[in-house]
Amino acid sequence: MPILSARARPLRAMGVACLAVLLVAPAAADTRTWARWVNREMAELPASRAIEARLQRDRAEARAQSQPLYNPELNIGYENSAETTRTVGLGQTLDWSGKGRSSARLGDVQAQLAEVRAEKARARLAVDVLSALAAYDAAQARLQGVREQEQRLSDLLALVRKRERAGDLGRMSAQLSYLALGRTQQALADAESEATAAETRLRAVFNQNVPDYPLPDAGLWEADGSVVMDAGRAKDSYDLRLARLQVMAAERQVELAGKQRRTDPTLGVTVGREGEDNLWGLDFSLPLPLFNTGKAEYQAALADGDAQQALLDQQQRALSAEVEGALIDYRQRRARWLSWRELSGTRLADSADLLQRTWQLGEITTQDYLQGLNQRQDALLAGIALRESMQKAWLEWLYQSAQLDSWIEMLAAGNRGQGGQS
């Protein structure tokens, strides 16, 4: 019997292709093109347009805080009595207390808040998109691996039947082959379902049925000069920046509430004619804060400022722990992926053919052969799972440390070699 059948050759090619997804990016993969494609497609998503629209709204509201508080008033009077009186007056409330300046300072902080909120929303969207792409890639690799396993078992069953008829094998070998192939149907159904779910999620999040370009090589999902691997990056996280700005906004609100307790005078000038005589007049008015003194609003602003400061102190500790945890998780998962690649990655390509040759030579039983194929399949699926979990941990670290844009822009600029290894 030939050592390697003609039908086994396509299987070898399929196995090598499956491992190439895990170990080395396809030759056609261009990380610059991929990154630019991702940026372009994300910019066209409805979610991106909604983020931009909210940002424009928040900017407009912040600009409104910088507008003058009081508009001038035009008064026109007419009185028909013994003498006809016609007057024109112009009044203006003066911002002597500086409410406008305080309001403008509050608007500046609110504008900064709007920018950081938009940055955070865009980064969260990018994480969702890239996670969906990684899940799709892993699901396709799993499906390809399980299909390869099914094909090998089908070929094995055909060989077992042939050798059984020739009297080389007993019925037990055929029974074991049937059972193994039957078990693979469940694994294949699960892999197909997972691939469908991944495609559905990709279509929902990214409006893509199939990615135009493959993911960058797993060796590129690591730090380089554009990404800082330090838990101290917690100070730059979106949530901590927002918390600091919210404290500043609360301080500005306290300042504004204090100014609003002071009343502003209104000055007016009136000119006109009464009969044949010219007339002019000055008017001065000042509200008396006898009833509504603004004290309650000022106390509420003070309490809100204290609450925001307390929340900042709490978030500093919590976010520092989250960022450090994200960094540790990524490093652990990458170490496991690299360990798998060193121990199993390069050995999987030839292991199935080696098992087949050894079985055909009679050096192992059919049961041992099936067990070896199952172990190889488990190792292959473990590698896919490790790579996917490493990629998602990398995205989470970049999000927590506010460096996702830097990584994508680095890939788009081509500052890393294509298909680089860790």
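The dialogue below takes up the model, its cores, a helix, its salt bridges and a surface patch.

Q: What kind of model is this, and which pLDDT limits apply?
A: This is a predicted model, in which local features need pLDDT of at least 70 and side-chain atom pairs count only at pLDDT 80 or more, while totals for chains, interfaces and linings use all residues. Residues are numbered from 1 along each chain as its sequence is written, and side-chain values use heavy atoms, with hydrogens and water left out.

Q: How many residues does the largest nonpolar core have?
A: In soluble globular proteins, nonpolar side chains tend to be buried together. A nonpolar core is defined here as a set of buried Ala, Val, Leu, Ile, Met, Phe, Trp, Tyr and Cys residues joined through side-chain atoms within 4.5 Å, where buried means under 20% relative accessible area, exposed over 50% and partly exposed in between, with a 1.4 Å probe and protein chains only. The largest such core has 62 residues, and those with the most contacts inside it are W34, L130, L133, L404 and W407.

Q: Which elements give two or more residues to this core?
A: Helices (H or I, at least four residues) and strands (E, at least two) are DSSP runs numbered from the N terminus. The contributing elements are α2 (31-43), α3 (46-65), α4 (99-165), α5 (171-206), α7 (295-360), α8 (366-400) and α9, and of these α4 gives the most, with 17 residues. Apart from this core lies another, of 14 residues, including L153, A352, L355 and L370.

Q: Which residues does L130 touch?
A: Contact means heavy atoms within 4.5 Å, and, not counting residues up to four places away in sequence, L130 touches W34, V38, L395, L404, W407 and I408. S131, in helix α4, counts as buried at 9% relative accessibility, and, with the same exclusion of residues up to four places away, S131 touches R201, K392 and L395.

Q: What span should α8 have, given its 35 residues?
A: The expected span of a helix is 1.5 Å times one less than its number of residues. For α8 this gives 51 Å, which agrees with its end C-alpha atoms being 51 Å apart. Just after α8, A402 takes a positive phi of about 55 degrees.

Q: How many salt bridges does a search of the whole structure find?
A: A salt bridge is a side-chain nitrogen of Lys or Arg within 4 Å of a carboxyl oxygen of Asp or Glu, and the search finds 19 of them. In one, the side chains of R387 and D137 meet at 2.8 Å, N to O; because R387 lies in helix α8 and D137 in helix α4, the pair ties together parts that are 250 residues apart in sequence. Both R387 and D137 are buried.

Q: Are E388 and R142 buried or exposed?
A: E388 is buried, and R142 is buried as well; their side chains meet in a salt bridge of 3.1 Å, N to O.

Q: Which residues form the nonpolar patch on the surface?
A: Patches are made of residues with over 30% relative accessible area and no salt bridge, like charges being joined within 9 Å and nonpolar side chains (Val, Leu, Ile, Met, Phe, Trp, Tyr) within 5 Å; accessible areas come from the Shrake-Rupley method with a 1.4 Å probe, and for residues only the protein chains shown count as cover. Here L74, I76, V88, L90, V269, V271, W280 and L282 form the patch, with about 900 Å² of accessible area together. V271, in strand β3, counts as partly exposed at 44% relative accessibility.
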